[in-house]
Amino acid sequence: MRVLNEIRFDNLRGDLFGGVTAAVIALPMALAFGVASGAGAEAGLYGAVLIGLFAALFGGTPTLISEPTGPMTVVFTAVIASLIAANPEQGMAMAFTVVMLAGLFQIAFGVMKLGRYVTMMPFTVISGFMSGIGIILVILQLPGLLGHAAPGGGVIGTLQALPELIGSIDPREAALAGMTLAVLFLMPARVKRILPPQLVVLVAGTLIAVYWLGDQDIRRIGEIPSGLPSLQLPVFTIDQWQTILIDALVLAMLGSVDALLTSVIAGSLTRKQIDSDKELLGQGVGNLASGLFGGLPGAGATMGTVVNIQAGGRTALSGLTRAAILAVVVIWAGALTAKIPLAVLAGIAVKVGIDIIDWSFLARVHRVSMKGALITYGVIVMTVFVDLITAVAIGLFVANVLTIRRLADVQEESVCVLPARRRQDEAPCAGLSREERSLLAQGRGRVKILYLSGPLVFGAAAAISRQSPKLEGAQAVVIDLSQVPHMGVTTAVAVESTVRDALAQGHAVYMAGVHGQPRERLEHLGLRGAMRQDRWVEDRESALKLALEQLTPR
């Protein structure tokens, strides 16, 4: 695996223009997410610079733009709130320790080559979780839209305080927020391709606040510290280590899923192969660096990535250009942010939250599957009102249980006993040749076939157990595994139990067409020693002929 990302200079103009465009979009988003998280606007900028820099250097997707994102900000906001509530003095420092640890987890995912597995989650759970995060982001910004600071207490506290906040609305800040949302939603698409709407509202809102509102008492960002960020050493307490570990794992998983899904989009747009394991390494290094210097956690950002590609970016040089431009803002232009109204940033964050909600899937999921709809909406409710971790855990559990149930039903169709009691029961076992049917008929019910097909995992074990009683009354049993390329441990144990039961009842058992992994697994379970070697035969027809020879005359 190469160390650095793909950095070339044969597309210099496109990469530089892509990086500049991505930086223009990233600036207002970083400020908005920093303020929304509670860590401060500077934390958003530090995260945008550091994650973007190191992910571009060491990642596996040349055109990916990495920065603080809406989902990561929502989770990190909850982390900050819980840790400060538990330890007011060191809570913020411990929150940045969570970011560092999340980066280390992502590096470990990449080293263990888990990239291809990270995104293997049911779409109903991913959609519900992301939509829930979008709703949380919108709700938490409602006080900012009305001209107030967040009341505390998270989603529940904000909703409870909403009547009071509406009753004491600040018309100036509400007007700024309304203007922000109007521009973000109503700006024509052809204009958006030239002027990023986030930057337009940031500049316009600041000019209005400076020249029309003047010295009026409205909430602003205030001057952020210029120069290099200070080092944040890891801080944790024995009482909070378990919370820190779980929060870091959640951030790492969310960031990995977010980044790799965006990487897939980037790869499809540029028609280039991505290295998912290397991307996890780059994301991990980026988040580790961001946490070390007091920045927000981040991941691959879809908006920045798409804009970068559309502007001509093709190598990681575009991501490095973007990081360099934002670094200039952090080091020398911090004073320029002092007059930016917080209401404008709240409006930007609300638009991000609305965009995160998976409106398209939510409108169709009930037509696709009612069970899927219940999972999706259940995950949304638990994400918003209960807990992010609980939502994902329960959503995954329910989705997997339903999948296992469906898989078991499908696998049952791949297991049957011949001759069947009714003709229609033979449908799954279609494929008997005329000669095989003739041989089976000669057995007059004293020769039976247990037929299995397809890759068999644990869902087939119960079906085998249900079919086993149909083998009673036979003198010879043929276990046909010729159409089984793979057999799970649970299914192998079920087959072994069936064979041993038949042997214990005095039946002659023949294993037909068992090769490769299924044979190796059954032999490791001890069937090689339990059966005569001449009863492991190549095909079903040969097994039937041998079985007929073993029948005792009536």
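Where is R271 found? I looked it up in this predicted model: R271 is in the loop between α11 (241–270) and α12 (276–292).

I checked phi for R271 and got a value near 55°, which is positive in a residue other than glycine. Next I asked about cover: is R271 buried or exposed? At 74% relative accessibility it counts as exposed, since the cut-off for that is over 50%.

K113 went on the list too, as its phi is positive, about 55°, and it is not a glycine. I found K113 in the loop between α4 (91–111) and α5 (115–118). Its relative accessible area is 49%, so I put K113 down as partly exposed.

I also stopped at a proline. The peptide bond from L418 to P419 is cis, with omega near 0°. P419 is in the loop between β3 and α19 (434–442).

**Entry: the sheet**

What is the strand order in the open sheet? I read it as β3-β4-β5-β6-β7, five strands with mixed pairing. At the edges I have β3 (415–418) and β7, each pairing on one side only.

I started from the β3 end. β3 pairs with β4 (residues 447–453) in the antiparallel sense, over four bridges. In that pair, V415 stands opposite L452 of β4. Helix α20 (residues 459–467) packs on the sheet here and touches β3 and β4. I noted about 20° between the direction of α20 and that of β3.

Then I moved on to β5 (residues 476–483), which pairs with β6 in the parallel sense over five bridges. D480 stands opposite A512 in β6. I followed the chain from β5 through helix α21 (residues 489–504) to β6, and this β-α-β crossover is right-handed.

On to β7 (residues 536–537): it runs parallel to β6, and two bridges join them. M511 stands opposite W536 in β7. Helix α24 (residues 540–549) lies across β4, β5, β6 and β7, and I have it running at about 160° to β4.

**Entry: a closer look at β6**

How many residues of β6 are buried? I counted five of five for this strand, residues 508–512. I then sorted the side chains by direction: A508, Y510 and A512 point one way, V509 and M511 the other way, and all are buried.

**Entry: α1 against α15**

At what angle do the axes of α1 and α15 cross? I get roughly 95° for helix α1 (residues 12–37) and helix α15 (residues 342–356), with the axes coming within 9 Å. The two helices are therefore roughly perpendicular to each other.

I wrote down who meets whom: P28, M29, L31, A32, F33 and V35 from α1 meet L342, L345, I348 and V352 from α15. By class, I have 10 nonpolar residues in this contact, no polar ones and no charged ones.

At 2% relative accessibility, I348 counts as buried. Leaving aside its neighbours within four places in sequence, I find I348 in contact with P28, M29, A32, T180, L184, Q198 and V201. I also looked up its distance to G103, which is 245 residues away along the chain: the C-alpha atoms of I348 and G103 are separated by 27 Å.

Notes: Residues numbered from 1 in each chain as written. Predicted model: local features only at pLDDT ≥ 70, side-chain atom pairs only at ≥ 80, totals over all residues. Heavy atoms only, no water. Buried < 20%, exposed > 50% of the residue type's maximum accessible area, 1.4 Å probe, protein only. Pairing = 2+ DSSP bridges. Right-handed = clockwise from strand over helix to strand, strands pointing away. Axes fitted to C-alpha atoms, helices over the stretch in contact; angles between N-to-C directions. Parallel < 35°, antiparallel > 145°, perpendicular 65-115°, else oblique. Contact = heavy atoms within 4.5 Å. Nonpolar A, V, L, I, M, F, W, Y, C, P; charged D, E, K, R; others polar.
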